[in-house]
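The sequence and structure are shown first, and the discussion follows.

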Amino acid sequence: MASGPTPMMAQYLALKSQADDCLLFYRMGDFFELFFDDARRAAAVLDIALTSRGEHDGAPVPMCGVPVHSAESYLARLIRAGCRVAIAEQVETPAEAKERTKREGGGSKVLVRRDIVRFVTAGTLTEDNLLESRRANTLVALAPLHDRVGIAAVDISTGAMILESHEAGNLAAALSRIGASEVVVPEAWEHAPEDAITRPAADFASDRGEARLKSLHQVSTLDGFGAFDRAALAAAGGLIAYLDHVGRGQLPLLLPPRARAAHGHLAMDEATRASLEILQSASGTRSGSLIDCIDRCLTGAGARLLAEDLSAPLAEAEAIRERLAAVDRLYGDALLREDLRGLMRGLPDIARALGRVVAGRGSPRDLGQIRDGLGLAYELHQMIGEMADRPALFERLRPALTGHGALVQALIRALVETPPTERAQGGYIAKGYDAALDELRDIAKNGRQAIAALEQDYRDATGIAALKIKHNGVLGYFIEVPARHADALMAADSGFTHRQTMQSAVRFNALALHEQASRIAEAGGRALAAEDAHFEELVAMTAAHAEGIAATAHALARIDVCAGQAERAAEGGWVRPDIADAPCLDIRGGRHPVVEAALAKGRDRFVANDCALSDTDRLWLIGGPNMGGKSTFLRQNALIVLLAQAGGFVPADSATIGLVDRLFSRVGASDNLAKGRSTFMVEMVETAAILSQATDRSFVILDEVGRGTSTYDGLALAWAVAESVHGTLQCRCLFATHYHELSRLAETCEALSLHHVRAREWKGDLVLLHELADGPADRSYGLAVARLAGVPAPVIARAKKVLDRLEKGRAETGGLAAGLGELPLFAAVAEAEEEQCDTLRDTLAALDVDALSPRDALDMLYRLKRDAAD
């Protein structure tokens with residue numbers, strides 16, 4: 001009859017049943033062990049050895065493990081690989097387990113009780129080395145309710161929570177803006193995003209969410225925090241329930257929720273964000289993105305806030321002007337900017353330190369960072385107070401930089417100057433803070449001095465000069481002598497007690513040493529307990545001021561963003577944009593910030609261009625060759641609008657920006673095989689979104705609409721889209737195209753004008769000028785671009801023949817494809833002509849002109865003439 005699982009394995013399996021789909025880190029001594037499929041998966045991700053332990057159901061149990069002291073680095077790799085982890089720790093000591101077993105009438109074998117103390121998931125990280133300092137880590141809960149979807153988003157590393165709701169059709173755009181690390185949804189929701197975590201639908205009840213928020217923040221109404229609809233409250237309920245689940249009843253720092261109104265921000269859909277490469281480039285990295293180009297923040301919190309600004313630019317003129325005025329004040333005073341940034345360089349990330357402290361995962365170093373950060377905030381408060389012509393934004397932020405004097409003084413008195421990251425070894429409470437603690441430390445210190453004196457006494461008494469008193473974690477203090485001297489101490493009347501025999505040494509104990517060691521251990525243990533108690537007091541004191549500290553952290557981050565924007569503007573010669581109420585766009589000498597920075601590395605100059613859109617000239621149709629700069633021109637103007645409404649200076653000689661409510665970019669597309677969409681289908685989906693969502697206050701950039709299908713279909717679609725943008729949407733739009741026929745729209749669309757990027761052919765080569773000029777393009781230069789790209793000469797020659805026939809047919813009949821029937825079925829003639837030209841070219845290339853005599857040169861000229869005539 002098969003025996004059941006061992007007690008340890010039974011305990012493991014019971015905990016695994018509570019871990020859902022998470023990997024279970026099961027604590028065994030100094031290791032976290034994983035078993036069965038968890039072990040196989042973790043070993044593959046972490047590239048560690050997969051072993052086995054005992055048997056279960058007649059088969060070896062796969063097993064792997066990671067050391068507890070370095071577990072965080074392994075956790076980081078697992079989280080990045082898409083895993084979720086449950087941490088099972090020992091929740092009682094061996095002595096407590098032994099006593100419990102005795103009370104329960106168990107046998108001699110004692111199993112220490114373990115329990116899951118925490119779930120580690122992508123959206124619930126707080127540890128420094130598991131997070132990116134310059135990127136927010138956002139957890140999102142979604143709650144569908146009728147025709148809306150509520151969104152609750154929180155970065156638990158800082159506690160910032162935002163509630164909003166949207167029509168179901170706008171959910172994808174909202175999620176793209178937020179960039180969540182993890183999404184939680186109710187069970188059985190058929191429209192849930194891929195890879196979302198499902199939780200019981202009952203958790204997403206709006207009344208339960210409202211009650212949880214009131215209880216959490218100890219208020220009787222949420223009106224003081226903002227107006228939240230039922231969908232947003234339902235999402236909040238699901239979010240808090242999930243955090244309660246993963247924290248095993250220990251909630252992280254959750255600040256009062258803020259309501260986010262959609263109309264207060266510039267709206268962008270997912271395709272637009274990807275096209276403009278705002279937070280990440282097309283390769284999926286930060287390098288090459290807009291934020292990588294402009295981020296000059298000195299703190300992680302500032303960089304995270306800048307990312308938020310760029311993801312959700314403002315759509316309210318006064319709020320934009322307030323930010324711009326603050327940037328302008330620092331831009332115009334380089335000395336003040338440098339002084340302020342010098343203070344910022346030493347600023348710790350107090351928002352995340354606070355998050356760890358309140359979540360119960362804080363360290364003495366976190367308390368020290370809060371102390372130092374609040375102290376620097378007060379210095380900044382004084383600096384701003386002495387600033388002449390303080391901008392309104394700084395005036396509004398200044399009160400949040402102070403008000404923590406009592407807490408800072410308490411932390412200064414309590415903590416050493418540089419507290420350690422670990423609290424278990426003590427040593428972080430400052431001398432003089434607790435007289436009793438100082439006395440215990442003195443006892444331990446004096447005891448160690450007494451042990452040193454005792455060692456000398458033993459040497460004198462025994463005559464063994466090599467005698468030493470040592471210490472380890474198993475034996476405590478002990479006396480060690482070389483083996484050749486051990487016999488004298490083994491005698492019954494020697495006063496020494498044998499403890500351990502080593503290969504070359506023998507260890508002993510003695511009464512005086514035991515008594516002294518006991519006093520040291522007792523004093524040390526009591527000292528550690530006293531420090532631990534003080535730590536808990538300081539944590540409680542800090543947590544009581546959590547909202548005020550968080551407000552200070554936000555104010556510091558906003559000032560860092562303003563100073564960083566001013567620094568970037570000074571570096572690049574950027575200008576302050578004027579924000580206008582009229583739907584205009586007047587940019588003089590505009591430049592693409594990312595392309596300009598890339599060219600500057602190679603000491604190349606970016607060619608600036610103007611863009612002037614107004615009520616009477618709101619749609620620009622732009623032609624010209626590929627690689628001529630059309631797409632760059634389109635994107636740079638969209639990015640200038642985005643930068644301006646985010647509250648920053650822009651790369652231009654001057655800029656007047658009429659407020660934009662929605663920004664659309666349909667520039668480039670690729671297959672989406674996962675959704676079964678071709679390039680053309682993706683293009684049409686994006687175009688449809690623009691035509692259905694844009695308003696007369698929107699700004700749209702369109703590049704090569706209709707290129708993914710037949711010439712006739714593509715031209716027809718491009719024509720109809722241009723007419724709709726002009727006549728129905730009536731929004732500002734830059735429309736790049738290769739269809740020359742669209743230039744005829746200027747005859748019927750009074751607010752449409754024609755433009756092109758300039759290019760010239762010089763001695764057979766194409767010179768791209770990257771300049772925008774008025775009027776239609778005279779030709780597309782497609783063959784010249786193909787030659788630049790390295791297309792073989794015979795293909796170029798054949799293409800020129802086809803082009804000549806097409807253009808001749810079009811001139812005669814007006815039809816795009818007329819004349820194709822007159823082309824020869826085979827390309828033999830063209831190939832022969834090309835081959836003959838190549839023969840002449842080869843002969844000329846082989847000539848050594850300097851070696852020819854006048855007579856030889858004349859003969860060669862006659863010969864070449866005959867060959868050309870044949």
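## Helix H3 and its surroundings

The buried residues of H3 pack against strand E1 (23-28), strand E2 (31-35), helix H2 (36-46), strand E4 (59-67), strand E5 (85-90) and strand E6 (114-120). Contact here means heavy atoms within 4.5 Å. Helices (H or I, at least four residues) and strands (E, at least two) are DSSP runs, numbered from the N terminus. The model is predicted: local features need pLDDT of at least 70, side-chain atom pairs count only at pLDDT 80 or more, and totals for chains, interfaces and linings use all residues. Residues are numbered from 1 along each chain as its sequence is written, and side-chain values use heavy atoms, with hydrogens and water left out.

Helix H3 spans residues 71-80, and its buried residues are Ala71, Tyr74, Leu75, Ala76, Leu78 and Ile79. Buried denotes under 20% relative accessible area, exposed over 50%, and partly exposed in between (1.4 Å probe, protein chains only). Just after H3, Gly82 adopts a positive phi of about 90°.

## Nonpolar cores

In soluble globular proteins, nonpolar side chains tend to be buried together. A nonpolar core is a set of buried Ala, Val, Leu, Ile, Met, Phe, Trp, Tyr and Cys residues joined through side-chain atoms within 4.5 Å. The largest such core has 110 residues, of which Leu290, Leu310, Leu380, Ile559, Ile657, Phe699 and Leu734 touch the most other members. Helix H20 (residues 546-572) supplies the largest share of this core, 13 residues. Not counting residues up to four places away in sequence, Leu380 touches Leu340, Leu343, Met344, Leu401, Leu556 and Ile559. A second, separate core of 42 residues includes Leu15, Cys22, Ala232 and Leu239.

Leu643 is found in helix H22 (residues 630-645) and counts as buried because its relative accessibility is 0%. Leaving aside neighbours within four places in sequence, Leu643 is in contact with Leu290, Ile294, Leu310, Trp574, Pro593, Gly648, Phe649, Val650 and Pro651. Leu643 and Pro577 are 66 residues apart in sequence and 9.3 Å apart in space, C-alpha to C-alpha.

## Salt bridges

The structure holds 48 salt bridges, each defined as a side-chain nitrogen of Lys or Arg within 4 Å of a carboxyl oxygen of Asp or Glu. In one of them, the side chains of Arg507 and Glu480 meet at 2.9 Å, N to O. This pair links distant parts of the chain: Arg507 belongs to strand E17 (residues 505-510) and Glu480 to strand E15 (residues 476-482), 27 residues apart. Arg507 and Glu480 are both buried. Strand E17 also contains Asn509, which is buried at a relative accessible area of 14%. Beyond its neighbours within four places in sequence, Asn509 is in contact with Ile479, Gly495, Phe496, Thr497, Arg499 and His514.

Arg758 and Glu771 form a salt bridge at 2.6 Å, N to O. Arg758 lies in strand E26 (residues 752-762) and Glu771 in strand E27 (residues 765-774), so the pair ties together parts that are 13 residues apart in sequence. Arg758 is partly exposed at 27% relative accessibility, and Glu771 is partly exposed with a relative accessible area of 32%. A further salt bridge joins Arg371 and Asp372 (2.8 Å, N to O). Here Arg371 is buried, with a relative accessible area of 6%, whereas Asp372 is partly exposed at 37%. Asp128, Arg356, Arg365 and Asp366 are linked in a network of salt bridges.

## Cysteines

A disulfide is a covalent bond between the sulfur atoms of two cysteines; the criterion applied is a pair of cysteine sulfur atoms within 2.5 Å. A search of the whole structure finds zero disulfides. For Cys83, the nearest cysteine sulfur, that of Cys22, is 9.7 Å away. Cys83 is buried, with a relative accessible area of 3%. For Cys584, the nearest cysteine sulfur is that of Cys611, 11 Å away. Cys584 is buried, with a relative accessible area of 17%.
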